[in-house]
Amino acid sequence: MELIKATLNDAEILWEMQKIAFSELYEKYQDHDTSPANEPLKKMIERLEQDFTYYYFIVSSGDKVGAVRVVDMKNDSPKRVSPIFIMPEFRRKGYARTAMLEAEKLHGEENWELETILEEDGNCRLYESLGYRKTGKYVKINDIMTLVYYRK
């Protein structure tokens with residue numbers, strides 16, 4: 001598995017992949033305003049144009065199995081993972097874990113933050129197994145979904 005840096009030319013494919021990857025969570029939680037599945041292509045393009053945003057395709061055996069966005073201001077502020085996703089047919093094979101470790105190799109292993117859905121135990125377990133710790137910040141999105149914040 002490797003991370004391959006995406007460019008502005010990849011905006012549409014990244015956006016299509018993101019919509020597919022987050023569609024199950026969107027259906028489950030109906031988080032209209034926060035779901036990456038519901039974002040317009042324009043937002044993906046805007047992020048790719050930011051000089052502090054790094055999108056990487058997660059590639060295995062030539063297949064784009066997912067993607068990760070790293071926000072790295074190249075200063076003392078925490079680096080962010082926002083979002084990371086694996087396509088449905090490639091889940092539960094360790095790609096997210098490996099991609100997180102590779103992102104840390106590229107951008108430095110310390111001073112990271114992210115948020116995930118508290119109700120998604122697998123996501124929380126993954127980040128905690130990688131050394132992320134809950135910050136104590138929680139944001140209730142709706143009656144069935146809360147975001148939990150992590151730091152490493």
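A pocket is an open set of grid points with protein on both sides within 12 Å along at least five of seven lines, and its lining residues have an atom within 4 Å of a point. In this predicted model, the largest pocket is lined by 45 residues. Of these, F22, L25, I84, T116 and N123 lie nearest the centre of the pocket. The volume of the largest pocket is about 1300 Å³. By class, its lining consists of 19 nonpolar, 16 charged and 10 polar residues.

Both helices and strands contribute to this lining. At least two lining residues come from each of helix 1 (11-29), helix 2 (41-49), helix 3 (95-107) and helix 4 (121-129).

Two packed helices are described by the angle between their axes and the distance between the axes. For helix 1 and helix 2, the axes come within 9 Å and cross at roughly 125°. Angles of 65 to 115 degrees count as roughly perpendicular and those over 145 as roughly antiparallel, so helix 1 and helix 2 are oblique to each other. Their crossing is right-handed. On the side of helix 1, the contact is made by A11, E12, L14, W15 and Q18; helix 2 supplies L41, M44, I45, R47 and L48. The residues of this contact comprise seven nonpolar, two charged and one polar.

Two features of the backbone were also noted. The peptide bond that joins S82 and P83 is cis, with omega at about -5°. P83 is part of strand 4. In the loop between strand 3 and strand 4 lies K74. Phi of K74 is near 60°, which is a positive value in a residue other than glycine.

How values were computed. Residues are numbered from 1 along each chain as its sequence is written. This is a predicted model: local features need pLDDT of at least 70, side-chain atom pairs count only at pLDDT 80 or more; totals for chains, interfaces and linings use all residues. Side-chain values use heavy atoms; hydrogens and water are left out. On a 1 Å grid over the protein atoms alone, a cavity is a set of points where a 1.4 Å probe fits but cannot get out, and a pocket is an open set with protein on both sides within 12 Å along at least five of seven lines; lining residues have an atom within 4 Å of a point. Grid points are joined across faces, edges and corners, and a volume is the space filled by probe spheres set on the points. Helices (H or I, at least four residues) and strands (E, at least two) are DSSP runs, numbered from the N terminus. Ala, Val, Leu, Ile, Met, Phe, Trp, Tyr, Cys and Pro count as nonpolar, Asp, Glu, Lys and Arg as charged, and the others, Gly among them, as polar. Axes are lines fitted to C-alpha atoms, for helices over the stretch in contact, and angles run from 0 to 180 degrees between N-to-C directions. Angles under 35 degrees count as roughly parallel, over 145 as roughly antiparallel, 65 to 115 as roughly perpendicular and the rest as oblique. A crossing is left-handed if the near helix is turned anticlockwise from the far one by less than a right angle, and right-handed if clockwise. Contact means heavy atoms within 4.5 Å.
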